Amino acid sequence: TMQNNVGQTDKLLRIGAGVLLLGLGAAGVIDWWGALGLVPLATGLLNWCPLYTLLGINTCRLKG
């Protein structure tokens, strides 16, 4: 199952980076490389990163 492994600060940074890359790509500054912004944007919006799962990383705060 997809368990959240992206914390709040991580999430905001990912979304910001994704939007920035997509914007630069759309403006023609970095061409099609801007499409790579979909990756951090998606992982930020989903609160889940498959690479973090493979590496055993979790930036979510523990509850309790």
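This is a short walk through selected residues of a predicted model. Local features need pLDDT of at least 70, and side-chain atom pairs count only at pLDDT 80 or more, whereas totals for chains, interfaces and linings use all residues. Residues are numbered from 1 along each chain as its sequence is written, and side-chain values use heavy atoms, with hydrogens and water left out.

Start at Arg-14. Arg-14 belongs to helix H1, residues 8–26. Helices are DSSP runs of H or I with at least four residues, numbered from the N terminus. Arg-14 is buried, at 13% relative accessibility.

Now look at what surrounds Arg-14. Not counting residues up to four places away in sequence, Arg-14 touches Val-6, Pro-40, Leu-41, Thr-43, Gly-44, Cys-49 and Tyr-52. Contact means heavy atoms within 4.5 Å. Thr-43 lies in helix H2, which spans 38–46. Thr-43 is buried too, with a relative accessible area of 9%. Leaving aside neighbours within four places in sequence, Thr-43 is in contact with Val-6, Arg-14, Trp-48, Cys-49 and Pro-50.

A disulfide is a covalent bond between the sulfur atoms of two cysteines. The cut-off here is a pair of cysteine sulfur atoms within 2.5 Å. How many disulfides does the structure hold? The count is zero. Cys-49 is buried, at 7% relative accessible area, whereas Cys-60 is partly exposed, at 25%.

Return to helix H1 for Leu-20. Is Leu-20 buried or exposed? Leu-20 counts as exposed because its relative accessible area is 53%. The C-alpha atoms of Leu-20 and Leu-41 are separated by 9.7 Å, and these residues are 21 apart along the chain.

Next come the loops. Asp-31 sits in the loop between H1 and H2. Its phi is near 55°, a positive value in a residue other than glycine. Asp-31 is exposed, at 52% relative accessibility. Asn-47 is in the loop between H2 and helix H3, residues 50–55. Phi of Asn-47 is near 60°, again a positive value in a residue other than glycine.

Finish with the tryptophans. The structure holds one aromatic pair. Trp-32 and Trp-33 form this stacked pair, 4.4 Å centre to centre, with 25° between the planes. Rings of Phe, Tyr and Trp (its six-membered ring) pair if their centres lie within 6.5 Å; planes under 30 degrees apart count as stacked, over 60 as edge-to-face and the rest as tilted. Trp-32 is exposed, at 58% relative accessibility. Trp-33 is partly exposed, at 47%.

Key:
Buried < 20%, exposed > 50% of the residue type's maximum accessible area, 1.4 Å probe, protein only. Helix = DSSP H or I, 4+ residues; strand = E, 2+ residues; numbered from the N terminus.
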